[in-house]
Amino acid sequence: MNVPARDIHDKVTHRDMANAIRFLAIDGVEKAKSGHPGMPMGMADVATVLFTRFLKFDPAAPDWADRDRFVLSAGHGSMLLYALLHLTGYPEMTIDQLKSFRQWGSKTPGHPEYGHTQGVETTTGPLGQGLATSVGMALAERMMNARYGDALVDHYTYVIAGDGCLMEGVSHEAISLAGHLKLSKLIVLWDDNHISIDGDTSLSCSDDQLARFAASGWATTRVDGHDPEAVAAAIEQAKKSDRPSLIACRTTIGFGSPKVAGTEKAHGAPLGAEEVEKTRAALNWPYPPFEIPEGILARWREAGGRGKAAHDAWDQRLAAADAATRTGLTDALAGKLSADYEGALQGLIAKFDADKPTIATRQASQLTIDAIVPASPNILGGSADLTHSNLTHAKGTASVKPGAFGGSYLHYGIREFGMAAAMNGIALHGGFVPFGGTFLVFADYSRPAIRLAALMGVRVIHVMTHDSIGLGEDGPTHQPVEHVASLRAIPNLLVFRPADAIETAQAWDCALKQTSRPSVLALSRQGLPALPRSGTNTNPVARGAYMVIDPPQRDVTLIATGSEVSLALEAAKKLGETGVSAAVVSAPCFELFAEQDDAYRANVLGTAPRVGIEAARDVDWRRWIGDTGAFVGMAGFGASAPAPVLYQKFGITADAVVDAAKGAIARGKH
């Protein structure tokens, strides 16, 4: 390809800068022979305006606390973001990384991944979740602002979302919550290109999106997404709004391509060598692949350097703040629990040990929350409209309300998916450790966001009560027989099912001290007796499973979780009366137990036949009980009846455990 005739030092235009994005995206996708060039080509003008005129960021300090957040909710257009990170000067995003798009070990995976690529604020790809996560980010910004003031916390959350993001159901939950709370520093730039994978969006959707957002309390406007001045004016107006803002940017997908622009063919496939050349000619970009002329790159690097002065000024304000404010902010952003946390927790555990209460683990969780939230105010609670069932509201704490962000409890409404995604955004923003409550059966609604939390390695805690058929009369629609197993299947997620009050407090401690993975606390509705224990100086829940009864000789090992540990203890007593010596193991967290050394696991499991007991499906128990072990649990769905009747009818009883143990022993002798 010939060197361009015009001097690279000619005046650089907006179109030149936008075309730099377009062709880095085109070239990256073309080299990978895989990817989505159409969205970056269509939204390059909007992104150029945002990054060169508005976004507050510093590539030299990607984690600067008061930076604006940018979320690419339409994560399939990842080359848009990677191009921007390279052009503005993020050190890790070299041209070689762009050339390695979608390849093993690169910083440029097919969809943006938080923690993998510098400058990526959240993992996106599952449509709608970036938008929903951004609500949590914007909420955390306002809550931190309420605590530390404009001088230290004052930034925006910008989102680029596509048609698919707005079609996904979670978008409704997210925009409704954001509008209700009046999150005025949230600005969504909608890539209004009328194209989805199947073709024109009119095939499946005729919503008036501006009317929908307006009905949820958003400010809305529509602009030509290829007119930089119109885009800039719309963003300026949005920044003045007292509500979150949607800017519908009418764009052409695959902008510049003579053959596929404006069609679904630009969405998810390389343009092809011939079309790439024609697009270069159409947009007057006669440069070789991955080459950005010096003058254009210099202008982009100038844009990347705009935020350094603001960052330096923020550093000075932080240094000038009083010691309590400075320490409070930095500790909160670092996710530290307060100095008072440990004493509050251990005091509660000592009380549980002395009182030995027979209470539901959801009630024990409430008492734990009452103790630790006042002691460590960066622990942020909430519930999806089940506060009085989940028992998640710490006594004396104020609720967050529209325009009043100083509280420490969130009413998410009946929006489980939206809650889980917002919690991810809160955790990603920094400043709070979020927990949110719902029924365990509704983990199905939350699951996509729980999975993303695990993928990103963020500390969020899901308090999921009514954890088995033990919830009783509400019946099988609300009885989660398969949910514990399905959650255990998610990598990097801790699933706790504590057996009594002390285990519940200890599970909370484990969850709060996990800085790089989320947790689920599966808690009972029915009262559970205190387990026998010799002391509380250690936290055995942190090892995942431990001996509750460790007889000198084992004939059988009973392994149980949650409410069924008390059944195992009752069965062990009955077995003892017949001359069978049974060890009892409480296994509140399979994931932590799997991480223990071989010697510890071997000691806990023993060599005797094993029986697993859990009022749930036998999906992941064989690892612990072996192929010849017995399992006492659920084979199908539950039913509507009082809890004791259900346990009896479904055969989850001490007598059933005794029979299973004797059968396992008999099999072990052959």
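Biologist: How do the axes of H1 and H2 cross?
Modeller: This is a predicted model. In it, the axes of helix H1 (residues 14-32) and helix H2 (residues 38-54) come within 8 Å, and the crossing angle is roughly 130°. The two helices are therefore oblique to each other.

Biologist: Left-handed or right-handed?
Modeller: H1 passes H2 in a right-handed crossing.

Biologist: And which residues in H1 and H2 meet?
Modeller: On the H1 side they are His14, Arg15, Met17, Ala18, Ile21, Arg22, Ala25 and Ile26. Across from them, H2 contributes Pro40, Met41, Ala44, Asp45, Ala47, Thr48, Val49 and Thr52. Sorted by class, the contact of H1 with H2 has ten nonpolar, three polar and three charged residues.

Biologist: Now H5 and H7. At what angle do they cross?
Modeller: Roughly 20°, with the axes of H5 and helix H7 (residues 169-181) coming within 8 Å. That makes H5 roughly parallel to H7. The crossing of H5 and H7 is left-handed.

Biologist: How many charged residues are in the contact of H5 with H7?
Modeller: None; by class there are ten nonpolar and two polar residues in that contact. From H5 come Gln129, Leu131, Ala132, Val135 and Leu139. They meet Val170, Ser171, Ala174, Ile175, Leu177, Ala178 and Leu181 in H7.

Biologist: Switching to the sheet. What is the strand order?
Modeller: The order is E9-E8-E10-E11-E13-E12, six strands in an open sheet with parallel pairing.

Biologist: Which strands stand at the edges?
Modeller: Strand E9 (409-411) and strand E12 (494-496). Each has a single partner strand, so one side of each is left without a neighbour in the sheet. On average, neighbouring strands of this sheet are turned by 20° against each other, direction ignored.

Biologist: Over how many bridges do E8 and E10 pair?
Modeller: Three, in the parallel sense, between strand E8 (residues 379-383) and strand E10 (residues 433-439). Isoleucine 379 stands opposite valine 433 in E10.

Biologist: Which strands does H15 lie across?
Modeller: Helix H15 (residues 361-375) lies across E8, E10, strand E11 (461-465) and strand E13 (519-523). H15 runs at about 130° to E13.

Biologist: How do the axes of H15 and H20 cross?
Modeller: At roughly 55°, and the axes of H15 and helix H20 (residues 501-512) come within 8 Å. That makes H15 oblique to H20. H15 passes H20 in a right-handed crossing.

Biologist: Which residues in H15 and H20 meet?
Modeller: H15 brings Thr361, Ala364, Ser365, Thr368, Ile369 and Ile372, which meet Ala501, Thr504, Ala505, Trp508 and Leu512 in H20. By class, this contact has seven nonpolar, four polar and no charged residues.

Biologist: Last topic, charges. How many salt bridges in the whole structure?
Modeller: A search finds 27 salt bridges. One of them pairs arginine 67 with glutamate 121, and the closest N and O atoms are 2.8 Å apart.

Biologist: Where do arginine 67 and glutamate 121 sit in the chain?
Modeller: Arginine 67 is in the loop between H2 and strand E1 (69-72). Glutamate 121 is in the loop between helix H4 (95-99) and helix H5 (129-148). The pair links distant parts of the chain, 54 residues apart.

Methods
Residues numbered from 1 in each chain as written. Predicted model: local features only at pLDDT ≥ 70, side-chain atom pairs only at ≥ 80, totals over all residues. Heavy atoms only, no water. Axes fitted to C-alpha atoms, helices over the stretch in contact; angles between N-to-C directions. Helix = DSSP H or I, 4+ residues; strand = E, 2+ residues; numbered from the N terminus. Parallel < 35°, antiparallel > 145°, perpendicular 65-115°, else oblique. Left-handed = near helix turned anticlockwise from the far one by under 90°. Contact = heavy atoms within 4.5 Å. Nonpolar A, V, L, I, M, F, W, Y, C, P; charged D, E, K, R; others polar. Pairing = 2+ DSSP bridges. Salt bridge = Lys/Arg side-chain N within 4 Å of Asp/Glu carboxyl O.
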